[in-house]
Amino acid sequence: MTSRMKGDDRAALDRLVDALLEDILLATDNEILAEIEEDGEGPVLQSQMAYSQALQQVGKERLEKAKAEMAASRDRKFKVVDLDPTAARKRLLQILASDPSARLTLAARKAEDLSDADVLGILSDLAELGILNENDPQDD
Amino acid sequence: MLSEKPDDRYLAPHEVKAALEGLSKADHARLQKAAAALTLMTRIEPQDVLQEAFARTLSGERQCPRNLPIVSLLIGVMRSIRSDWVKAAARRRTDISVESEGQNEVIAIADPDNDPETALSVKQMRDRLVALFEDDIEAQTIIEADLEGGPNGEELRELVGLSSTAFNSKRRLIRRRIEKAFHKEFKR
């Protein structure tokens, strides 16, 4: 159990910390190097280690984000590929009718002239572009 | 698709990384000292706050203005992290009512292992710090002025009666003695 540090106490500590930081920033490189000479390289090595660990941390976070994005993209594609050719063609015609945006080509508007593979390909592309909402009904 | 135009006021990610890779030995020591100062009398490890500051800067969570030295930026980021962690811990605390000498008193409880703040009052802090400078009345006066929010800068220097050079040396002595007393990495 501990008691809460009061606002006044925190402000007092902050003022002291500010004074210490000011002195650290005012010290020249030579003065800091003289302190390293006196204390040893420990502080330098600790900061360098903190940087190495931060590099690993950020790299890991980026990798996890990329993996999550790939998984989301794969999920969208599976939803399209799982459609049978008749349902896929019907779905594409529904999209063309409801969202005749400039991003859709004239060729795609004539869905009846397309092969089954073309229809699935276009749906996959629309899913990638975010035009095909995965929550849209697919079988109505 | 619209391409995002980079903001010239801030360093690009590759420039941030180059600046961090280029930190000198003195810069790294300065950062560790700043981390130690910022975590003084808390349960936060200097290493943790410094690593998080590097990570936030590397990831782009904190942008680096071109006109700000990277060491100053990192110290600012550490200050902000410390404040975030202390506030987060305060939200996790629970107020409970206890009876003390026939009166109800509300106190806050926290998990002492995870609470970044110590339970030190300003008086306890002052006592511990002043004890470090039993042999130095000028240093004691400066520390008391800092803790009490008394005069600072020129006003404090005049009050203590030191020249500018002697006052700066006294500030340096105070910082060095606190570093050695509270942080093992500054003891050889």
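Predicted model: local features only at pLDDT ≥ 70, side-chain atom pairs only at ≥ 80, totals over all residues.
Residues are numbered from 1 along each chain as its sequence is written, chains are lettered from A and ligands numbered from 1 in the order in which they are written, and side-chain values use heavy atoms, with hydrogens and water left out.

**Exercise 1. Chain A in outline**

Task: State how many helices and strands chain A has, and what share of its residues counts as buried.

Solution. 
Step 1. Chain A has 6 helices and 0 strands; helices (H or I, at least four residues) and strands (E, at least two) are DSSP runs, numbered from the N terminus. The order of elements from the N terminus is α-α-α-α-α-α.
Step 2. Of its 140 residues, 34% count as buried. Buried means under 20% relative accessible area, exposed over 50%, and partly exposed in between (1.4 Å probe, protein chains only).
Step 3. Among the contacts in chain A with a separation of 6 or more, 64% come from residues 24 or more positions apart. Contact means heavy atoms within 4.5 Å.
Step 4. A:Leu93 is partly exposed, at a relative accessible area of 38%. A:Leu93 and A:Val119 are 26 residues apart in sequence, and their C-alpha atoms are 9.8 Å apart in space.

**Exercise 2. The two faces of helix 7 of chain B**

Task: Determine which residues of helix 7 of chain B are buried, and which exposed residues lie on the face turned away from them.

Solution. 
Step 1. Helix 7 of chain B covers residues 153–160, and B:Leu156, B:Arg157 and B:Val160 are buried in it.
Step 2. These residues lie on the same side of helix 7 of chain B because they cover an arc of only 100° around the axis. The arc is that of the directions from the helix axis to the C-beta atoms. As a general rule, an α-helix has 3.6 residues a turn, so residues three or four places apart point the same way.
Step 3. The opposite face, turned away from the buried side, carries the exposed residues B:Glu155, B:Glu158 and B:Leu159.
Step 4. The buried residues pack against helix 6 (137–148) and helix 8 (164–182) of chain B. After helix 7 of chain B comes B:Gly161, with a positive phi near 80°.

**Exercise 3. The interface of the chains**

Task: Describe the extent of the interface of chain B and chain A, and state which element of chain B gives the most residues to the side touching chain A.

Solution. 
Step 1. On chain B, 63 residues are in contact with 48 residues of chain A.
Step 2. The area buried between the chains is about 5,200 Å², and carbon and sulfur atoms give 58% of it. Buried area is the accessible area (1.4 Å probe) that two parts lose on being put together, summed over both.
Step 3. The rule finds 14 salt bridges across this interface. A salt bridge is a side-chain nitrogen of Lys or Arg within 4 Å of a carboxyl oxygen of Asp or Glu.
Step 4. Several elements of chain B give two or more residues to the side that touches chain A, including helix 1 (13–21), strand 2 (103–109) and helix 8. Helix 2 of chain B gives the most, with 11 residues.
Step 5. By class, this side of chain B has 30 nonpolar, 10 polar and 23 charged residues. Ala, Val, Leu, Ile, Met, Phe, Trp, Tyr, Cys and Pro count as nonpolar, Asp, Glu, Lys and Arg as charged, and the others, Gly among them, as polar.
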